[in-house]
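Reader: I have a model open and a few things to check. Can we go through them one at a time?

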Amino acid sequence: MPDIGDKAPDFTLPRDGGETLTLSSLQPKNVVLYFYPKDDTPGCTKEAIAFTGLGKAFDAANTQVIGISKDTAAKHDKFIAKHELGVALVSDAESDVCEQYGVWVEKNMYGKKYMGIERATFLIDGTGKVAQVWRKVKVPGHAEAVLESAQEL
């Protein structure tokens with residue numbers, strides 16, 4: 001589980017549009033890597049729309065926003081089209097990257113325990129180091145807080 005100052009674990013994963021995305025290939029851009037549970041659910045949709053709405057401000061801060069979940073790239077394509085999203089979405093179907101980032105956790109809903117993605121965001125600077133971490137994210141105001149941190153890099 002990377003912490004502030006650690007090198008962000010690199011990965012290459014399938015992304016929307018039928019391509020792949022390698023984290024380290026984005027340097028020297030800053031990267032917002034946000035983990036979310038599932039495409040097209042209320043909180044995840046609000047989060048993706050919030051990041052999309054701030055897209056020009058993230059661009060101005062030399063920052064690429066990437067969402068990551070276990071959903072397939074094809075499902076990501078549908079999610080993007082349905083909500084006109086402007087963020088890259090990558091598929092971690094095997095949970096490998098989720099485990100490296102420490103967000104594949106045991107959850108509890110109505111007394112039932114299961115494994116799932118904890119909503120979390122990592123701000124990675126242009127050298128590939130973790131600059132900021134948000135765990136157990138609450139969606140309202142989150143994208144704005146991440147943007148503020150990205151602008152300070």
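Reader: Which residue in strand 5 does Gly-67 stand opposite?

Author: Gly-67 stands opposite Leu-89. Before going on: this is a predicted model, so local features need pLDDT of at least 70 and side-chain atom pairs count only at pLDDT 80 or more, while totals for chains, interfaces and linings use all residues. Residues are numbered from 1 along each chain as its sequence is written, and side-chain values use heavy atoms, with hydrogens and water left out.

Reader: In what sense do strand 4 and strand 5 pair, and over how many bridges?

Author: Strand 4 (residues 63–69) and strand 5 pair in the parallel sense, over four bridges. Two strands pair if DSSP finds at least two bridges between them. Strands are DSSP runs of E with at least two residues, helices are runs of H or I with at least four, and both are numbered from the N terminus.

Reader: Which residues of strand 5 are buried, and on which side?

Author: Strand 5 covers residues 88–91, with Ala-88 and Val-90 buried on one side and Leu-89 and Ser-91 buried on the other. Buried means under 20% relative accessible area, exposed over 50%, and partly exposed in between (1.4 Å probe, protein chains only). In a regular strand the side chains alternate between the two faces of the sheet.

Reader: Is Cys-44 buried or exposed, and what about Cys-98?

Author: Cys-44 is buried at 2% relative accessibility. Cys-98 is also buried, at 0%.

Reader: Now helices. At what angle do helix 1 and helix 5 pack?

Author: Helix 1 (residues 42–53) and helix 5 (residues 142–151) pack at about 40°, with their axes 9 Å apart. Axes are lines fitted to C-alpha atoms, for helices over the stretch in contact, and angles run from 0 to 180 degrees between N-to-C directions.

Reader: Which residues make the contact?

Author: Glu-47, Ala-50 and Phe-51 of helix 1, with His-142, Ala-143 and Val-146 of helix 5. Contact means heavy atoms within 4.5 Å.

Reader: And Ser-149, where is that, and what does Ser-149 touch?

Author: Ser-149 is in helix 5 and is buried, with a relative accessible area of 16%. Not counting residues up to four places away in sequence, Ser-149 touches Leu-123, Gln-132 and Trp-134.
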